[in-house]
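Please keep the sequence and the structure in view while reading.

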Amino acid sequence: MGGDQATRRGSSAMLEPENALAESAFQSNRIIKDSSRYNLLVSNLPPEVAQEVSDIILAPPAEHRYETLKAAVISRLAASADQQLHQLLNEVQLGDRTPSQLLRYMRRLAGNAISDEALRIRWLDLLPSQASRMCRVLRTSTLDELATLADELVAPTPSVSAVSRPSSPASSGIVSGTTTPLPQHEIVSLRLVMSQISATLQQQSLVLQSILTALATKQQQQQQQPQTQRRSRSRTPIVHRKPSMVLVSSEIRKRGNAVQASMLLPDAGKLLAPPPPQAAAVGANDEQRLHVLDRSSGLRFLVDTGSAVSLLPRNFLKRTLQRGPLKLSAANATSIDTYGAHHMDVDLRLHRPLSWKFIVADVSNPILGADFLAHYGLVVDVKRKRILDTDTSRHATCSLKSPEIHSVEVCISADVAEGIFADLMRQYSDLATPGSTTIALPDLDAQHHITTTGPPAAAKARRLLGPRLEAALAEFKVLLEMGIVRLSDSSWASPLRLVLKPDGTYRITGDYRQLNSRTVPDRYPLPIIEDLLLALGGTIFSVVDLKKAFYQLPIAPEDAHKTAIITPFGLFEFTRSSLGLRNAAQSLQRAMDQLLRDLPFARAYLDDIIVASNNEEEHVGHLRTLFDVLRAANIKVNPEKCVLGKKQVTYLGYLVSAEGSRPPQDRIDAIQAFPKPGNSAQLRRLLGLINYYRR
C-alpha cells in the first residue's frame, strides 16, 4: 500500500486496487481471523504509512482491528478533490512511465472532475516533443488509441535484434556505408503507408495469380509435346524458343504449399489441390536436377521446388536418433521415416546468413525444399543453372546431377481410411506442413492482451545445470529462429520453467504466478462441454486438432514485454501466447468463435474442432469449407490427432455418435477401479475424475 513514488498521498479510489489485492491475498491464503489480518497488514506497512497510523498500532482496539486500521489508512492518506486536481495540473510528470501508464494515472487522479478533452490537452503537454506533435496531428476516435501510438513513438529501439531478416542493398536502397536508423515517428508514418500499399498488393496479386496459372499450364503443355525438332547439321541457324526463368514448378503451385505466398505474392488467392502421387518411371534416375554446394557443411543440396520440406540425411548427424511421428512421401510414393529436426546455417555465397530447421529423414541426399526457397525469396533459374537471391541480387551457381529421390511431401497420418476423406486430406496437405504461423483474421484483433495492475513482477534466474541447461539453450535457439521469442530488456522477469514431456524432451514455459496475480481477468466464457455436445446433431463426425494453437496466437506488441522469462543466459520475451499465461484460453476461444461464426456445423473448444453432418456427401462439403477457413486464417492442424468421416469419435473425453454422447468405457473402468483414497491428493484426483462426467 505504498502508493506512487512521486507522491505519498492519493485518493481513496487510487487505494482501492491495493485493498482489493490485499483482500484477494487473504482469501487465497485462507486468512480469516481478524487478528491474523491485522498483524499481516501491520508487518507490510511502509514506515511513512505506519507513522501516520501509529496511534492505532500502539493501542489497537479490542475488536475489528483490521477494519479499523484499514479505514484509518484510507481516510488519513486520501487526498481531497482539490489536492488531487492540484497534483494533476502541477505535479504529475511522465518520468519512467509509458504514455499509456501516464494516461491511466491521470484518469485516476481526475476522476469525474475533468473532461476527456481537457485531460487530453494536459496529457499531450507531458509527452516528449516528437510524440506530442505526432499525436496532435493524428485524428483518432479515442484517447486510448493515441496512448497506444504514443507508446510506440517513445519506445526505445533495441540495440540487438534477436530475430530479424537483414536488409540488403536491393531492398533498402542503400549501397554501402553505415546506416542510420529512422526516427521512431517516421517509422510509424511508414507503417501507415505500408498498410495502404499492402491492401493494394493483395488486390493486384489475384490478377497476377491468374496470369501465373495460365503461363504454367501453357509451359506444362509445351513440355509434354514430343520434341520433333532436331539440331540440323547445316550451318543454318535454328531459332529456338527462349525459355523463361522458372519461379516455382507448376506442381508446387497446385500442391498449395507456402511457396506461392512467399515469392513476393502475399495472399494470392485460393491454392489449388495437388495431383495424386506419381509412380516411379523407367529411367527416372537419369533425370538431371540442380544441386548447390553448402560451403559450411560440404553438403551438396538438391534444389527441389517440388519438395514441400527441406531435408537432411540421417547419416549426417553422428548420434543416435529416435524415429519421429512425422511421415514423408516421395514422388514415387515411397514412404520416408523422419528423426526429428536439426538446425544449421547454410552458406551458398549469397552474402547473407541462411539459417534453417531441417527435417532429418532416411534420404541419401539433402534437399532444399520449397519452404526454404520461399522463406528467403530464392528464385530457381534452370536455364543458367543458378539460384537468384531477390534481396541481394546475387546468385549461387548450381550443377546438374541425377537425384535418387525428389518431390517429397508430408504424409497425412490422420485416422481416416483410404477414399474420399484421404483424398481430401491430401488436397489440403499444406495445412499439416511443419512451420511456424500466426492466426490472421481480417475482421478481428486476434491477439492476446495482458492488462495488469501494480508494479512489474521480477524474479531471479533459477540455476540450470547439465542436460537441463543444454535442453533450455537448444529450445530457446529454436524459438528464436521461429520468431516465437526474442531478446528482451523488460522490467518484468518471470523465472524459467522446464516441463518434461513423455518423449524425454522439455517444454519451455514461464512460472507466471506473479504475473498472473497482477493480470486483470478476461471474462470471455469458455463453452460448457455438456451443452456443446448436446447441440451436436448428425450421423457422421470429424475431429480436427490444431497444432500448437497457443503458439499460433500472437501477443499484443504493447504487452509482449510482460511475458519476459529470465534465464542464466539472458532475458527473453514471447511474441506468441505462451502456456501458463492467465486469459490465454479466453483469447484463443474468442479467436476460434470468431473464426467459426459462419460455420454452424463446426464447434470448437479451444484448439479442438468437431464437425457433424447428416451424410457423407454433406460432410465432405463441410470439411472443405472448414479447411478453406483454416487455410485463409493461416492456421496449421495436427494430422496425428485428426479423425475424419467416422460414425463415432472421441471428443473432449466423450464418445460422440448419432445416439448422443457418453463417457468411454475405459474411463468408466478407471472410476470403478480407482483405489480408496489414502490422502487429500488422491481424493482430489478421484473427485475431479467423477465431477468431469457429472451432468
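The model is predicted. A search of the whole structure finds 9 aromatic pairs. Two of these pairs are set out in the table.

| Pair | Distance of ring centres | Angle of planes | Arrangement |
|---|---|---|---|
| Phe301 and Phe358 | 5.6 Å | 35° | tilted |
| Trp356 and Phe372 | 5.7 Å | 90° | edge-to-face |

Phe301 belongs to strand β2 (residues 300-303) and Phe358 to strand β6, so that 57 residues separate them in a pair that links distant parts of the chain. Phe301 has a relative accessible area of 0% and is therefore buried, the cut-off being under 20%. Phe358 is likewise buried, at 0% relative accessibility. Trp356, in strand β6, lies 16 residues from Phe372, in helix α15 (residues 370-375). Both Trp356 and Phe372 are buried. Together with Tyr376, the residues Phe301, Trp356, Phe358 and Phe372 are joined by ring pairs into a cluster.

Charged side chains also sit over rings. The charged end of Arg97 is 4.4 Å from the ring centre of Tyr105 and lies over that ring. Arg65 is placed over the face of Tyr38, with 5.9 Å to the ring centre.

Helix α17 (residues 466-482) comprises 17 residues and spans 25 Å between its first and last C-alpha, close to the expected 24 Å. Its buried residues are Ala472, Phe476, Val478, Leu479 and Leu480. Among the elements covering them are β6 (354-361) and β14 (494-500). Just after α17, Gly483 adopts a positive phi of about 80°.

The structure contains 0 disulfides. Cys398 is buried at a relative accessible area of 9%, and Cys642 is buried at 2% relative accessibility.

Terms used
Residues numbered from 1 in each chain as written. Predicted model: local features only at pLDDT ≥ 70, side-chain atom pairs only at ≥ 80, totals over all residues. Heavy atoms only, no water. Helix = DSSP H or I, 4+ residues; strand = E, 2+ residues; numbered from the N terminus. Expected span 1.5 Å × (residues − 1). Buried < 20%, exposed > 50% of the residue type's maximum accessible area, 1.4 Å probe, protein only. Contact = heavy atoms within 4.5 Å. Disulfide = S-S within 2.5 Å. Phe/Tyr/Trp six-rings, centres within 6.5 Å; stacked < 30°, edge-to-face > 60°. Lys NZ or Arg CZ within 6 Å of the ring centre and 35° of its normal.
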